[in-house]
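Okay, everyone, thanks for coming. Let me put it on the screen.

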Amino acid sequence: MTPISKRLKSVFAIQSEQKWVNKQSTAEQRIEKLLKLKTVIQSREDDVVRALHADLRKDDEGGRNEAVPIYGEVDQTVAELANWMAPVKADPTPFVESRAKIISEGRGVVLLFSPWNYPFALLFQPLVSIIAAGNCALVKPNELAPHVSKLAAEIINEVFDEKDVAVFEGGVDVANEMLELPIDHIFFTGSPAVGKIIMTAAAKHLASVTLELGGKNPVIVDRTADMQTAAGTIAAFRNLNNGQVCLCPENIWLPEEVADEFIAMVQGAFQAMFYKDGKLNPDTNGKIIDERNYQRVKGYIDDARSKGANIVCGGDGDLELRSIHPTIMTDVPANATIMGEETFGPILNIFTYKDVNEAIIAIQQQPKPLALYIFTSDDEFSEMVLSKTSSGGVTVNGCLMHVAVPGMPFGGVNSSGIGAYHGIFGFRELSHQRSVLFM
Ligand code: NAD
């Protein structure tokens with residue numbers, strides 16, 4: 001038995017007893033843990049910035065932006081947890097002489113896996129919901145962001161007793177050992193491919209799962225849209241973190257008569273935001289996380305080009321900077337590899353329509369995406385698109401922003417995810433709703 005398996009088994013045994021204690025914990029006790037977490041993260045915020053710069057070349061603002069949503073999640077939970085935890089009176093009909101209530105109870109021991117693209121925020125934000133709902137957690141930070149992984153482990157060890165939250169650094173081998181345990185719930189953020197492995201492992205013990213996955217996010221630009229705003233927004237968000245964001249816009253559907261002008265606007269926006277003196281600006285372009293992913297993204301472009309796609313701009317990368325140029329492709333053939341895989345890199349695929357139903361049918365035929373974006377000034381148009389499509393979430397006349405609204409659930413649907421979190425939705429996701437009837 002390796003030292004990590006030995007420790008994992010022993011901590012799991014301890015947490016399997018502790019989960020009955022944590023389930024009974026009060027809002028005050030949970031809040032105390034969350035406030036301690038917030039205080040320690042605040043005191044290490046400069047280290048967070050440094051670690052994110054080292055792993056992903058995020059700038060100061062990009063680094064602090066991974067801490068901010070965690071503070072927001074803690075603050076909202078502190079303000080509302082007592083209400084969320086309160087039992088809800090239920091109608092006991094047909095037992096009219098009885099009384100009934102629904103209680104939210106912790107699920108038990110939760111496995112938490114995080115992705116490498118927002119390796120700090122997407123580790124601690126779900127952890128807030130896990131603690132709020134009265135669970136224990138075994139946490140594995142992402143191995144491809146080693147500086148953040150080490151820092152996250154230090155923070156967790158400083159804030160929590162191992163019986164409540166224990167951290168295990170490592171890669172797939174560690175993940176697989178954790179997945180052998182008869183765990184109660186798995187909270188996983190990552191790719192749909194690994195999501196399937198997680199769900200298969202969960203099935204062995206009938207553990208419940210939250211899967212926060214990805215996909216190819218489509219954009220429909222209507223003829224009534226403010227084209228300049230749409231082009232600038234799409235350009236900015238396609239190359240955020242050098243395209244490594246689960247919510248990035250990817251397949252862009254344009255009315256055919258505006259396509260050339262629109263593409264020129266996007267190119268102009270790329271130049272203004274991501275180039276300096278005609279060269280890729282390392283300060284505004286993120287870093288592709290590792291060489292394997294760099295070659296993967298570059299491979300999509302080379303493959304599409306070899307099959308007849310037109311590379312309007314970009315198409316190349318800078319291996320030394322580990323950045324890919326923001327790239328626009330048109331005429332991508334159906335057999336290009338990129339048509340079936342999430343890019344997770346700064347590539348925009350442009351498609352055109354005469355009738356918007358062409359775009360809608362193409363979107364219906366794809367796996368349901370994590371996000372869908374609509375640019376229009378016509379409310380009937382956006383309602384029509386909403387009624388004919390599905391996605392985890394939607395922003396109209398913007399990209400990504402629905403994720404920043406704490407009053408709405410964040411998650412995917414089918415291949416882009418199962419379950420949702422943020423605020424009360426995270427509390428409920430990590431709780432079991434237990435029905436109690438008093439006869
Ligand atoms: P990933 O699926 O490769 O890895 C995520 C985690 O799974 C890591 O902890 C890794 O160690 C583990 N893992 C990897 N291979 C495994 C295997 N074979 N068996 C068991 N565990 C394994 O994902 P990633 O590359 O870190 O992140 C990119 C993906 O995450 C993209 O698809 C992106 O869309 C998605 N994502 C989704 C969200 C969201 O909120 N929905 C947010 C960020 C990223």
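So, to start with the overall tally: there are 24 salt bridges in this structure. Keep in mind that this is a predicted model.

Start with Arg64 and Glu45. They form a salt bridge, with the closest N and O atoms 2.9 Å apart. What does that pair link? Distant parts of the chain: Arg64 sits in helix α4, residues 60–85, while Glu45 belongs to helix α3, and the two are 19 residues apart. As for accessibility, Arg64 is partly exposed, at 24% relative accessible area. Glu45 comes out at 16%, and since buried means under 20%, Glu45 is buried.

Now, Arg64 has another partner. Asp46 also makes a salt bridge with Arg64, and here the closest N and O atoms are 3.0 Å apart. Again we're linking distant parts of the chain, with Asp46 in α3 and Arg64 in α4, 18 residues apart. Asp46 is partly exposed, with 43% relative accessible area.

And then there's a network: Arg44, Asp47, Arg50, Lys150 and Glu154 are all joined through salt bridges that share partners. Let me zoom in on one pair from there. Asp47 and Arg44 meet through their side chains in a salt bridge, 2.6 Å from N to O. Is Arg44 buried or exposed? Buried, with a relative accessible area of 19%. Asp47, on the other hand, has 24% relative accessibility and counts as partly exposed.

Okay, next: helix packing. Helix α3 covers residues 45–56 and helix α6 covers residues 146–159; their axes come within 7 Å and cross at roughly 155°. Angles over 145 degrees count as roughly antiparallel, so that's what we call α3 relative to α6.

Which residues make the contact? On the α3 side, we have Asp47, Val48, Ala51, Leu52, Ala54 and Asp55. On the α6 side, Pro146, His147, Val148 and Leu151. If you sort the residues of that contact by type, you get 7 nonpolar, 1 polar and 2 charged.

Definitions and conventions. Residues are numbered from 1 along each chain as its sequence is written. This is a predicted model: local features need pLDDT of at least 70, side-chain atom pairs count only at pLDDT 80 or more; totals for chains, interfaces and linings use all residues. Side-chain values use heavy atoms; hydrogens and water are left out. Axes are lines fitted to C-alpha atoms, for helices over the stretch in contact, and angles run from 0 to 180 degrees between N-to-C directions. Helices (H or I, at least four residues) and strands (E, at least two) are DSSP runs, numbered from the N terminus. Angles under 35 degrees count as roughly parallel, over 145 as roughly antiparallel, 65 to 115 as roughly perpendicular and the rest as oblique. Contact means heavy atoms within 4.5 Å. Ala, Val, Leu, Ile, Met, Phe, Trp, Tyr, Cys and Pro count as nonpolar, Asp, Glu, Lys and Arg as charged, and the others, Gly among them, as polar. A salt bridge is a side-chain nitrogen of Lys or Arg within 4 Å of a carboxyl oxygen of Asp or Glu. Buried means under 20% relative accessible area, exposed over 50%, partly exposed in between (1.4 Å probe, protein chains only).
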